[in-house]
Every structure is written in C-alpha cells, then in structure tokens.
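Here is a short briefing on one structure. Look at the sequence and the fold, then read the points below.

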Amino acid sequence: MTLSTAVLDSRVMVTRSVRRSFRDPEAFFTALMLPVILMLLFVYVFGGAMNTGGDYVNYVVPGLLLLCAGFGAGTTSVSVAQDMSNGIVDRFRSMPIHGSSVMVGHIVASVVRNLIATALVIGVALLVGWRPTASPLDWIASIGVVLLFVLAISWLAATAGLLLGSPEAANGFSMILMFLPYVSTAFVPADTMPSWMRGFAEHQPLTPVIETLRGLWMGTPIDHQAWIAAAWCVGILAVSVPAASSLFGRRTSR
Amino acid sequence: MTYTVNATGLRKTYGDHVVLDGIDLAVATGSVFSLLGPNGAGKTTLVRILATLLAPDSGTATIAGHDLLSDPLAVRKVISLTGQYAAVDEVLTAEENLLMMAQLRHLPRKLARQRVEDLLAEFDLVDARARRVGTFSGGMTRRLDLAISMIERPELLFLDEPTTGLDPRSREQVWGTVRQLVDDGVTILLTTQYLEEADQLADRIAVLDGGSIVAEGTAAELKSTIGGELLRIELADLESYGRAVAHLSPERTDERLLSVEVPTDGSPTEIVALLARLEREGLAVRKVTTVHPSLDDVFFTLTERSAA
Ligand SMILES: Nc1ncnc2c1ncn2[C@@H]1O[C@H](COP(=O)(O)OP(=O)(O)OP(=O)(O)O)[C@@H](O)[C@H]1O
Ligand SMILES: [Mg+2]
C-alpha cells in the first residue's frame with residue numbers, strides 16, 4: 001500500500017463525505033443556525049446578568065466557538081457510527097483501500113463544516129458588537145489554534161463513533177461534547193464555581209484552548225495556556241489517529 | 001484442479017452459541033459454489049469470514065493462494081463482495097456510487113467513466129443515474145449493488161443472497177449476469193435461500209445446518225442421496241389406500257391425499273410391472289404420476305433436525 005494510493009483513496013472519500021454533508025439539509029441548517037441562535041442567546045439574554053468585566057460578547061466568543069465545534073464533532077461521530085452500521089462499510093473494508101481513508105473523508109468533511117460554523121460565529125459576533133484587539137499575527141495564530149482544536153476534536157469524535165458503533169450511542173457522546181464547555185471558562189470565569197467544579201473546569205482541555213483564543217483576540221494573559229492547549233490537541237491526535245485507523249481496518253470479532 | 005477457496009476448520013462462536021463448528025470448504029476455480037441453509041445457519045458469517053471482515057475463532061483459509069489471516073490485503077485485491085444487505089451510499093446518486101467505487105479500484109479516470117456508463121446500461125439504471133439511491137426500489141438498489149461488484153472482474157465474487165427481494169424478471173437478469181461472469185472465469189461463492197437458484201447456477205452445493213456442512217455435492221448427487229425417482233399413486237378410497245400402504249412398501253404416504261410414493265428406477269419395465277401389480281391387487285387407483293426429488297426435498301430432509 002503506497003502513499004499515493006492512500007492519497008487517492010482519501011481524496012475519493014473526502015469527496016464522498018463532503019457531498020454527504022451538504023446533502024443533509026436539515027443537519028446542515030441546524031449547524032448554521034446554531035451559532036447564530038447561541039450568540040443572540042448568550043449576548044442578549046444571559047449577557048446582561050454576566051459580570052466578566054467589559055462587554056460579555058468580548059468574553060464569550062471563544063466559548064461559543066468551541067460549543068459549535070462540539071456540536072459539529074457530534075455530527076461527525078454520528079455519521080461515522082451511521083457508516084459503521086451500514087452495509088457500505090463492509091464493502092469498503094473488503095476492498096484493498098487504505099485503512100484510514102474512510103476516516104480521513106469524515107475528518108475533512110468535519111473540519112470543513114466546523115470552519116464554516118467558525119466563520120459564522122465570528123461574523124455574527126462582529127455584528128453584535130465584538131471588538132477584538134488582535135493584530136494580524138494574532139489572527140493567524142488564532143486560526144491555527146482553531147484548526148488544531150477542530151482537527152483534534154474531529155478525530156476524537158470519529159474514534160468515538162467507531163468505538164460506539166451505533167448512531168444512538170454516538171448521539172450520547174455528542175451530548176457530552178456539547179456539555180463540556182459549560183464546565184470550563186467558556187461562559188463564566190472558573191473562580192465563580194464551587195471549588196470541586198473549579199478544579200475540573202481549570203484542568204479540562206477546553207479551558208486552555210479558550211484562554212489562548214481569548215488572549216489572542218482580546219489581549220488577556222495567555223501564559224502557559226497555549227502550550228497546554230497544544231499538548232492536549234496533539235495528545236488527542238496522537239491517540240485517536242492510530243486508534244481510528246486500526247479500529248476501522250481490523251477484522252471485527254462480532 | 002485448483003481451488004480458489006480452501007478453508008479448513010473454520011469455527012466461530014458468539015458466547016456459547018456455536019455458529020460455525022469447523023467448516024471445511026473447497027471451491028474449485030471457475031466454478032459456482034452455493035451455500036444453502038435455513039435462516040441463521042451461518043451463511044453470512046462464513047462469507048464475512050472469507051471476505052476478511054470477521055475474524056474466525058480458529059481455522060484457516062486461503063483465497064486464490066493468499067492466506068486469509070496473514071495477508072488480508074492480498075485477499076481484498078482479488079475478491080468482491082455483494083453482501084446480504086445492500087452496500088451502497090444512499091445519499092449519493094447511482095452514478096456517484098459507481099464512480100466512487102471505480103476510483104477506489106484505482107481505474108484510470110477515462111476507463112472509470114467508461115465502465116460506469118457500461119454498467120449503468122447493463123444494469124438498466126441509465127434513467128435513474130442521477131437519482132439518490134435512497135429513493136430506489138429494493139430491486140434497483142440490488143442491481144446497483146451488483147453493478148458495483150462488477151466494476152473490476154474479481155477472481156472470487158461473494159454473492160450473499162443476491163436475489164432476495166427481486167421480482168422474477170430481475171432475478172433472471174441477475175442469473176444471466178452470474179452466468180456471464182462464470183464464462184469470464186470468475187469463481188463465485190453464492191448463498192441463497194432459493195433452492196431453484198442453486199439448482200440453476202451452482203456446480204456444487206453445500207448444505208449448511210447447525211454450524212456444519214451436512215451434505216455437499218452436485219445438485220444431482222444431493223438429490224440422489226434422498227432416493228431416486230418415485231411413482232406417486234393416488235388411491236380412490238381409504239380401503240385401497242390401506243392396502244397400498246401394507247403391500248407396496250412405499251417410501252412416503254399421505255393419508256389425507258390418499259397417496260403413496262413408491263421408489264422405482266424410472267425404467268419402463270419397472271413401471272409397467274408396478275402398474276400390473278396394482279391391477280392384480282385390485283386397488284382402486286385414481287391417478288399415477290412420477291415425481292423427481294427436488295432440491296427442496298433434499299433441503300427439507302437434511303435440515304429437518306434444526307426445524308424440529
Ligand atoms: N454479532 C453477533 N452476535 C451474536 N450472534 C450473532 C452475531 N452475528 C450473527 N449471530 C448469530 O449467528 C447465527 C448465524 O447468523 P448468519 O447471519 O450467519 O446466518 P445466515 O445463514 O446468514 O442467516 P440468513 O439466511 O437469515 O441470512 C445466527 O443465529 C445469528 O443470530
Ligand atoms: Mg445471511
């Protein structure tokens with residue numbers, strides 16, 4: 001199995017998955033509406049009651065972005081699980097194609113969907129009064145962070161989809177992904193939480209990503225958070241990428 | 001004789017449910033081998049093992065000379081699988097499905113396009129080419145599924161119940177395609193519930209039941225294992241029926257229909273002698289017919305145990 005066939009196979013699978021994404025109008029519409037609705041909700045409904053120093057929109061954008069990414073990854077998890085419970089994966093797996101190409105297809109489609117959602121979040125945020133202070137260099141760095149995060153969470157979701165196998169179970173997993181931002185510094189600073197929850201909030205992977213993005217956009221202190229964020233993302237990738245390829249390629253025992 | 005499939009001692013259990021209990025199987029190159037068995041016999045499980053999808057608990061097999069367990073990639077290069085459940089992408093159109101699979105087989109672009117056109121025509125899908133497969137009827141989906149398997153001529157083609165759910169015309173069509181593939185030298189492992197299908201297509205048939213192969217041979221051999229020709233005699237009344245049962249040593253009897261079936265070798269001499277005997281005994285006979293054992297009879301006889 002050469003590198004060039006791996007690339008060829010992956011390209012075919014990317015075309016497949018991207019096509020599939022855009023042909024599910026319902027899911028696609030939800031994915032587009034979600035950033036808009038959440039933004040309006042958090043800024044205009046909850047925002048008034050929040051005390052994070054300054055305009056709440058300036059605080060909340062990274063968190064909303066990750067919330068949407070969690071939703072997007074949930075979709076990925078479900079569509080991988082759907083694939084696994086459909087006959088077509090048996091056909092793929094009985095063909096001499098590269099073990100990870102089906103996953104690569106799902107991942108690329110996932111990243112594309114997420115980047116569209118990200119662009120929407122940023123667009124809507126600017127409309128409702130978000131005023132980032134980032135320099136062009138900060139912007140480039142922040143895009144890098146978003147990309148890395150979206151990539152990591154997509155692979156994680158795909159692996160979960162493979163492991164769980166059924167769309168229903170994968171749906172449950174995506175609920176966790178959607179819930180995780182609430183127990184981070186996405187919507188309120190960790191020091192407003194009870195101490196046991198605060199420990200979790202400060203040490204879960206979303207918090208360093210959020211703090212890094214907020215720092216890059218709003219100039220708040222980043223410190224070592226960027227490194228922790230990168231370590232989480234790289235760590236998740238280092239586990240999920242090989243796990244997904246081998247889970248997909250192996251002979252099932254069931 | 002070379003064998004495309006050579007399996008020994010394949011075993012598969014789920015918990016303490018033994019699905020395959022040491023299957024030995026040899027499929028001659030260029031032949032059609034049919035696996036026959038009732039629901040739950042393990043046909044799909046065997047096909048999935050041989051198609052590298054499922055790991056057997058024990059046992060080994062070679063496919064076209066490649067070891068199933070140590071070299072699955074080489075096996076995948078020479079096989080094509082049409083599973084029991086359609087393996088198509090329902091969100092994509094028929095044309096997109098075919099093109100995707102052709103590309104995954106690494107056909108050069110132009111050749112891939114050409115092949116897609118040919119297959120759309122061959123499988124009567126030209127009008128539906130741009131429709132999403134999700135909107136297809138069962139028969140159309142099956143045809144597309146088969147077309148995908150034919151993109152590249154495989155050495156070994158698995159067909160797991162290829163005509164289940166097809167109308168008679170589509171079934172004939174599939175049979176025609178299978179025969180054509182055989183002429184092209186493709187070896188086929190076919191599972192089916194339709195005995196007629198095995199009779200029509202298969203060179204050899206194995207009957208799978210309770211995890212083991214309970215009989216194997218050509219259709220004719222299998223039929224002869226449960227006896228040769230029978231002369232079926234329908235009696236006119238219960239009294240004659242009673243005497244026929246007592247004197248003719250029939251192989252099968254049916255009191256409701258007042259019929260007995262007596263084994264013969266099918267020769268005119270024997271039949272004439274038998275008829276003379278009916279006359280002599282003064283039995284009131286309504287009708288006499290000859291019956292050939294069908295594969296159905298073989299199937300029912302051999303798989304009675306599990307149905308009981
Ligand atoms: N993943 C699994 N877990 C537990 N039992 C299974 C599993 N897969 C198959 N079985 C059992 O193995 C047996 C054989 O199943 P299989 O699908 O191979 O039968 P089959 O001969 O193809 O039947 P059919 O004609 O209905 O398609 C069945 O009793 C089935 O319940
Ligand atoms: Mg089956």
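**Metal site and cores**

Thr44(B) counts as partly exposed, at 24% relative accessibility (buried is under 20% relative accessible area, exposed over 50%, partly exposed in between; 1.4 Å probe, protein chains only). The model is predicted: local features need pLDDT of at least 70, side-chain atom pairs count only at pLDDT 80 or more, and totals for chains, interfaces and linings use all residues. Side-chain values use heavy atoms, leaving out hydrogens and water.

**Magnesium site**
- Thr44(B) (OG1) and Gln84(B) (OE1) coordinate the magnesium ion (ligand 2) at 1.9 to 2.0 Å. Donors are N, O and S atoms within 2.8 Å of the metal (3.2 Å for Na, K and Ca); water is not among the atoms, so sites may look incomplete.
- The pair links distant parts of chain B, 40 residues apart. Thr44(B) sits in helix H1 (residues 43–50), and Gln84(B) in the loop between strand E6 (79–82) and helix H3 (94–104). Helices (H or I, at least four residues) and strands (E, at least two) are DSSP runs, numbered from the N terminus.
- Gln84(B) is also partly exposed, at 24%.

**Nonpolar cores**
- The largest nonpolar core has 114 residues. Such a core is a set of buried Ala, Val, Leu, Ile, Met, Phe, Trp, Tyr and Cys residues joined through side-chain atoms within 4.5 Å.
- Met39(A) and Phe92(A) have the most contacts inside it.
- Helix H3 (residues 56–84) of chain A gives the largest share, 13 residues.
- Another core, of 30 residues, lies apart, with Leu10(B) and Ile79(B) among them.

**Confidence**
- The predictor gives the complex an ipTM of 0.83 and a pTM of 0.81.

Notes. Residues numbered from 1 in each chain as written. Chains lettered and ligands numbered in written order.
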